[in-house]
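The sequence and structure are shown first.

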Amino acid sequence: MKHQTVLKGEREILALIEADNWMMGVLEAAAGLELPDWWVCAGFVRTKIWDTLHGFEERTPLGDIDVIYFDAGNINEETEKLWEKRLHQIMPGLPWSVKNQARMHVVNGNPPYQSSVDAISKFPETATALGVRLDEGGQLIVAAPCGLVDVLGMRVKPTPIFRSQSGLMSIYRKRQEQKRWTVKWPKVRIEQVERRG
């Protein structure tokens, strides 16, 4: 374990990712698909931040690499599988997952999403509601619709949509049990949300 890095905000997060050749390779592979409103999101970003804040020298393995995009003109799930296949050809052996957010509101039982960033804001935890991408000029940009305070503070809290619905809160609680984040990252604190009767 090396000396822990202090991350204060967006600039440090972007610099951290830009210095990671593997992460930039993932982003370049995703950019090569030229998908509309695409982002690599969730654990891809959060894990890098928490590993860094814990001073880990080895990358914590990712369950999947979430590539999302927004294309209301083609919500065929098979199309997503074709994009995944393409990514497996570009960078084999990685746990690619591609999802069109123009259809995911149905899967999640939400009103239609307006964009990929709108969909990110509806992820279960604020610390996971993150995305990064390369813009048209190749510059790295971040989307954090719920802010960066919780991920940088290593606090796990439900996003507003999850907090407002008891059915979604049971999904939030189950995720906390399954993910075992505090075992992987001991400094992480999970907000225990009271069950409503």
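The charged end of Arg133 lies over the ring of Trp39, at 5.6 Å from its centre; this requires CZ of Arg or NZ of Lys within 6 Å of the ring centre and within 35 degrees of the ring normal. The model is predicted, with local features needing pLDDT of at least 70 and side-chain atom pairs pLDDT 80 or more, while totals for chains, interfaces and linings use all residues. Residues are numbered from 1 along each chain as its sequence is written, and side-chain values use heavy atoms, without hydrogens and water.

Three aromatic pairs are counted, where rings of Phe, Tyr and Trp (its six-membered ring) pair if their centres lie within 6.5 Å, planes under 30 degrees apart being stacked, over 60 edge-to-face and the rest tilted. Two of them are tabulated here.

| Pair | Centre distance | Plane angle | Class |
|---|---|---|---|
| Trp22 and Phe44 | 6.1 Å | 45° | tilted |
| Trp50 and Trp185 | 5.2 Å | 70° | edge-to-face |

Trp22 in helix 2 and Phe44 in helix 3 are 22 residues apart; helices are DSSP runs (H or I, at least four residues), numbered from the N terminus. Trp50 in helix 3 and Trp185, in the loop between helix 10 and strand 7 (strands being E runs of at least two), are 135 residues apart. One aromatic cluster comprises Trp50, Trp181 and Trp185.

Phe44 is buried at 2% relative accessible area, whereas Trp22 is partly exposed at 26% (buried is under 20%, exposed over 50%, partly exposed in between, with a 1.4 Å probe and protein chains only). Eleven of the eleven residues of helix 3 are buried, so this helix is largely enclosed by the rest of the structure.
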